[in-house]
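This report describes a structure for a reader who is new to the subject. Please keep the sequence and the model in view while reading.

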Number of protein chains: 2
Amino acid sequence: MPDAPRTPFVEALHARMEALGTAVCMGIDPRPHAHPTTHPDRFGGDGAQVAKAVTAYHRAQLEAAADHLACVKFQAAFFERLGIPGWIALAQLLVDAKALGLPAILDAKRGDVGSTAEAYADAYLRDGPFAADALTLNPYLGMDALEPFVATAEAEGRGVFVLVRTSNPGGADLQDLAVAGDGSVADRVADLLTARAREGPLDARGYGPVGAVVGGTHPDALARARARLPHAILLVPGYGAQGATAEDVAAAFDARGGGAIVAASRSLTHAGGDDPRESARAAAAAMQHALRDAVRARGA
Amino acid sequence: MPDAPRTPFVEALHARMEALGTAVCMGIDPRPHAHPTTHPDRFGGDGAQVAKAVTAYHRAQLEAAADHLACVKFQAAFFERLGIPGWIALAQLLVDAKALGLPAILDAKRGDVGSTAEAYADAYLRDGPFAADALTLNPYLGMDALEPFVATAEAEGRGVFVLVRTSNPGGADLQDLAVAGDGSVADRVADLLTARAREGPLDARGYGPVGAVVGGTHPDALARARARLPHAILLVPGYGAQGATAEDVAAAFDARGGGAIVAASRSLTHAGGDDPRESARAAAAAMQHALRDAVRARGA
């Protein structure tokens with residue numbers, strides 16, 4: 001009888017990545033105006049009908065593309081903009097992801113102190129209609145503010161992804177500041193996360209529930225983060241529409257081709273073509289293969 | 001005929017502060033378990049009834065205490081934890097605040113890049129059921145990530161409050177790091193905010209829609225922030241239950257006794273006593289007078 005998983009989210013994610021040979025994370029950022037079938041004009045602006053159409057649009061894409069996906073990432077902001085119907089859409093798509101066996105990350109970039117952090121962790125990392133397998137977090141408030149999230153993720157077998165270096169140009173404003181002594185602010189965040197990860201459970205390969213977000217548009221930052229964050233799955237945004245290539249993001253992976261997932265949203269879910277399902281499937285497959293080739297070329 | 005306000009949120013806030021002689025910001029952080037009238041056991045765990053009771057509890061407190069309040073701050077996490085009924089409660093309390101003439105801050109500490117930041121700004125800074133007069137933001141992603149929020153606040157006559165130095169001990173992890181060259185990370189954030197404020201509208205006293213959050217538990221940090229952020233209303237958490245006194249927070253105010261609001265949650269809304277309305281009113285009045293005395297003593 002195998003041991004119980006010590007870090008269920010990470011182990012399930014890696015198992016799926018190996019079984020399917022993919023590191024693609026489909027980003028679901030509902031933009032109703034971006035497709036005729038979900039356009040508010042079609043529904044006279046009725047928000048509930050728009051949200052229902054958005055749910056159907058993305059559900060069909062998840063079903064069509066699932067075999068090419070390591071996981072799915074829901075961007076909270078786009079659901080929140082749709083109000084209550086948006087929250088219902090999010091709850092329904094979380095159920096759909098679960099039915100497909102797709103680990104689900106809620107990209108909400110939350111962060112607050114003490115009992116407020118606990119309230120967010122309760123909302124998104126404990127069983128309930130909005131529970132995800134992992135949640136993205138903002139580290140600006142410090143490690144004591146992250147702790148309620150990390151502790152909940154550990155207790156619930158879930159995960160967190162903490163922002164280290166983001167993919168936008170302005171990410172440099174704070175994250176790249178040189179700290180007196182050594183390294184950048186982002187390096188300091190990475191080191192604090194690594195220290196915390198070592199206090200918690202790690203799987204057989206050394207990964208734990210404390211992941212990190214590192215943008216794919218800065219390959220140097222990615223290589224630094226990979227080295228400084230040996231226990232963190234890296235969630236890498238910036239692929240596709242934001243400009244990062246498969247070669248750019250290859251540095252995020254470990255020697256076995258694991259330890260990283262690469263997110264793309266618009267280039268998968270609004271890839272053009274007549275059929276959004278087939279477009280999403282084809283785009284996910286192409287991204288899967290591009291990533292695999294780039295990671296192999298780097299390892300060779 | 002007076003000129004149209006250039007920064008409607010700031011001008012309305014200052015007008016109310018002067019008319020009533022108060023800088024108290026009542027923090028509404030719904031904790032259903034904290035009072036018998038809202039306790040989930042009373043409703044067999046029915047979340048909709050719990051949220052309804054929470055709404056009634058805090059509405060009554062706002063009505064009772066309004067004359068002592070400069071504004072109200074709703075902590076998003078505690079509403080989000082209640083799920084859909086929590087969002088309905090938030091929408092209803094935002095309507096209540098408006099009916100009372102109380103400027104409402106949504107303390108959601110959001111932050112993301114590009115079109116995602118726009119989605120959050122649309123949700124909380126444009127007219128709609130969850131529109132607040134101002135929104136709290138996290139600066140870790142840099143100024144280009146804050147820009148959609150600031151631009152929306154300017155266009156809509158609303159405001160933002162950006163985290164600079166938070167009141168928790170771990171705030172030091174990043175915010176107090178010494179930056180090569182000069183000052184701390186928090187100082188750098190303050191300077192970037194001041195530069196951005198100078199590009200936008202300012203009222204007759206020099207205040208604009210870009211406010212800042214600076215914890216009250218660090219009087220030195222508060223004095224530094226006041227000096228570095230001449231155009232920012234300071235939102236000061238940490239009073240009361242978190243340990244800051246009226247004397248500690250007096251440094252947040254300008255020479256005219258304006259430019260800052262001081263938030264307290266538990267010490268106002270769960271002040272004990274038989275009647276939560278009267279307890280909230282009395283606690284708000286006591287805090288109003290303590291702040292006024294401390295600011296006067298400092299100016300004398």
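## A helix residue and its surroundings

Ala221(A) touches Arg165(A), Ala186(A), Val214(A) and Gly215(A), leaving aside residues up to four places away in sequence; two residues are in contact if their C-beta atoms, placed from the backbone, lie within 7 Å. Ala221(A) belongs to helix α9 (residues 219-228) of chain A. Helices (H or I, at least four residues) and strands (E, at least two) are DSSP runs, numbered from the N terminus.

Is Ala221(A) buried or exposed? Ala221(A) is buried, because 25 other C-beta atoms lie within 10 Å. A residue is buried if 20 or more other C-beta atoms lie within 10 Å of its own, exposed if 12 or fewer, and partly exposed in between, with C-beta atoms placed from the backbone. Between the C-alpha atoms of Ala221(A) and Met26(A), which are 195 residues apart along the chain, the separation is 22 Å.

## Basis of the model

This is a predicted model, in which local features need pLDDT of at least 70 and side-chain atom pairs count only at pLDDT 80 or more, while totals for chains, interfaces and linings use all residues. Residues are numbered from 1 along each chain as its sequence is written, and chains are lettered from A and ligands numbered from 1 in the order in which they are written.

## The barrel of chain A

In chain A, eight strands form a closed barrel in the order β1-β2-β3-β4-β5-β6-β7-β8, with parallel pairing. Two strands pair if DSSP finds at least two bridges between them. On average, neighbouring strands of this sheet are turned by 30 degrees against each other, direction ignored. Axes here are lines fitted to C-alpha atoms, for helices over the stretch in contact, and angles run from 0 to 180 degrees between N-to-C directions.

Strand β8(A) has pairings with two strands described here. Strand β7 (residues 234-236) of chain A runs parallel to β8 (residues 260-264) of chain A and is joined to it by three bridges; Leu234(A) stands opposite Ala260(A). Strand β1 (residues 24-28) of chain A also pairs with β8(A) in the parallel sense over three bridges, and Met26(A) stands opposite Ala264(A). In a regular strand the side chains alternate between the two faces of the sheet. Both faces of β8(A) are covered: Ala260(A), Val262(A) and Ala264(A) are buried on one side, and Ile261(A) and Ala263(A) on the other.

## The barrel of chain B

Chain B likewise contains a closed barrel of eight strands, β1-β2-β3-β4-β5-β6-β7-β8, with parallel pairing. Strand β1 (residues 24-28) and strand β8 (residues 260-264) of chain B pair in the parallel sense over three bridges, with Met26(B) opposite Ala264(B). Helix α12 (residues 276-299) of chain B packs on the sheet and touches β1 and β8 of chain B, its direction making about 140 degrees with that of β1(B). Helix α6(B) lies across β4 (134-137), β5 (159-165) and β6 (210-214) of chain B, running at about 140 degrees to β5(B).

Val162(B) lies in strand β5 of chain B. Val162(B) is buried, because 27 other C-beta atoms lie within 10 Å. Leaving aside residues up to four places away in sequence, its contacts include Leu137(B), Leu146(B) and Val210(B). The C-alpha atoms of Val162(B) and Lys109(B), 53 residues apart along the chain, are separated by 8.0 Å.

## Helix α5 of chain A

Helix α5 (residues 114-125) of chain A has twelve residues and reaches 16 Å from its first C-alpha to its last, close to the 16 Å expected at 1.5 Å a residue. The expected span is 1.5 Å times one less than the number of residues. Among the buried residues of α5(A) are Thr116(A), Tyr120(A), Tyr124(A) and Leu125(A). The buried residues of α5(A) pack against β3 (104-110), β4 (134-137) and α6 (143-156) of chain A, together with β2 (71-75) and α3 of chain B.

## How the two chains meet

A rotation of 180 degrees with 0.0 Å of shift along its axis superposes chain B on chain A (RMSD 0.0 Å); copies are superposed by least squares on the C-alpha atoms of residues with pLDDT of at least 70 in both. The two copies are therefore related as by a two-fold rotation axis. The same surface serves both copies, since 100% of the contact residues of chain B recur in chain A.

How many residues does the contact take from each chain? The contact takes 46 residues from chain B and 46 residues from chain A. On the side of chain B that touches chain A, α5(B) gives the most, with six residues. The residues of that side divide into 26 nonpolar, twelve polar and eight charged. Here Ala, Val, Leu, Ile, Met, Phe, Trp, Tyr, Cys and Pro count as nonpolar, Asp, Glu, Lys and Arg as charged, and the others, Gly among them, as polar.
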